[in-house]
Amino acid sequence: MDNALDLISVIVTNYNHAKYLPQRMESLLKQTYPKLEIIIIDNCSTDNSREVLDIYKYEPHIKVVYMEKNIGNINTSNMGVDLSKGKFFIFAEADDYSDPQEIELLYKAMAGNENIGAAFCRSNMVDSEGRKFGEDVDYRDKPFKEYCSKDTLIPGDLAQHWFLYSCIIPNFSAVLFRRKYYDLAGRMTHDFKTCADWDFWFRMSGCCDLYYLVKPLNYFRRHAQTTGNIYGIQLTLTEIMRMLYRESAKANLSFWENLHFKINLGVIWGRYRTPDPATWWKCFPTVWRESLKYDPLSVLYLALAFIKRSTQRTLKIA
């Protein structure tokens, strides 16, 4: 092991993902970066996750923690950071998996620049059985695709602007963090239940730069457990509106940028109609009333968004 290399902590938080844990763990054990510690926190799973994880707890660089009660994903993630020792760390979601070079290449991208707080890579989108159905970049806006057509530094202010239109980092498993900036940004908080990561990225990009790798090194799994019910869709959409209108008020947008922002928010609203139109319509009155708090013309922007979406590829939510 090269002692000159920084220790990188891998934080795996798990709740009832026994089916996916073997693939997740094997992808971490095959990482080409040699100086890792792996911390696994099982958040009081009710499936056979403990039986699966017991196989790995005797590895010298792996620590397994079993919670006696479920404390929620945000608390579990921040607990993992507190238990870790690395200058850098990655949240390796239990149901995702990684290319063997993921951590090494992300580390190389940011190791020489102290202003980079996080490096993230393109993700392959896979279903519950691991079948690829796209890449996360397929659903990004054209300016992001053009700017990030190759490995590149993203200044924090530019990243903040892009976050107004979409969560350009949709999956923590694709991100290597520099610890000091995670702490400086205030960590993930409970201000939002469904978009805590998106809220965090606004804060983090306000205090550091990001780096993007075009090679898809992460496998982001979308499966039945991510499908929303009526309450979940209502909560998600109302939280997104609250967060994005808050951030747009800080951004000093031009008239055309503000118009783009509002139509794109309609795109996000309309996107949740794809897997289950009946449920979406049941949610509509509540979400519409919430939208009126921010703009009396919100339904007009939703209609314009449907026109825009008719020419775009639809993101699968389930």
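User: Which unit do β1, helix α1 and β2 make, and what is its handedness?

Analyst: A quick note on the model: it is predicted, with pLDDT of at least 70 needed for local features and 80 or more for side-chain atom pairs, while totals for chains, interfaces and linings use all residues. Residues are numbered from 1 along each chain as its sequence is written, and side-chain values use heavy atoms, leaving out hydrogens and water. Helices (H or I, at least four residues) and strands (E, at least two) are DSSP runs, numbered from the N terminus. A crossover is right-handed if, with the strands pointing away from the viewer, the path from the first strand over the helix to the second runs clockwise. Here β1, helix α1 (residues 21-29) and β2 form a right-handed β-α-β unit.

User: Is strand β2 mostly covered or mostly uncovered?

Analyst: Buried means under 20% relative accessible area, exposed over 50%, partly exposed in between (1.4 Å probe, protein chains only). In β2 (residues 36-42), seven of seven residues are buried. Both faces are covered: L36, I38, I40 and D42 on one side, E37, I39 and I41 on the other.

User: What describes a pair of aromatic rings?

Analyst: You use the distance of the centres and the angle of the planes. Rings of Phe, Tyr and Trp (its six-membered ring) pair if their centres lie within 6.5 Å; planes under 30 degrees apart are stacked, over 60 edge-to-face, the rest tilted. That rule gives 31 aromatic pairs. Take F89 and Y182: their centres are 5.2 Å apart and their planes at 90 degrees, so they're edge-to-face. F89 is in strand β4 (residues 88-91) and Y182 in helix α7 (residues 179-184), 93 residues apart. Both F89 and Y182 are buried.

User: How far apart are the ring centres of F172 and W201?

Analyst: The centres are 5.6 Å apart with planes at 90 degrees, so F172 and W201 are edge-to-face. F172 lies in the loop between α6 (156-163) and β9 (175-178) and W201 in helix α8 (residues 196-205), so the pair ties together parts 29 residues apart in sequence. F172 and W201 are both buried. One aromatic cluster includes F89, Y182, F172 and W201.
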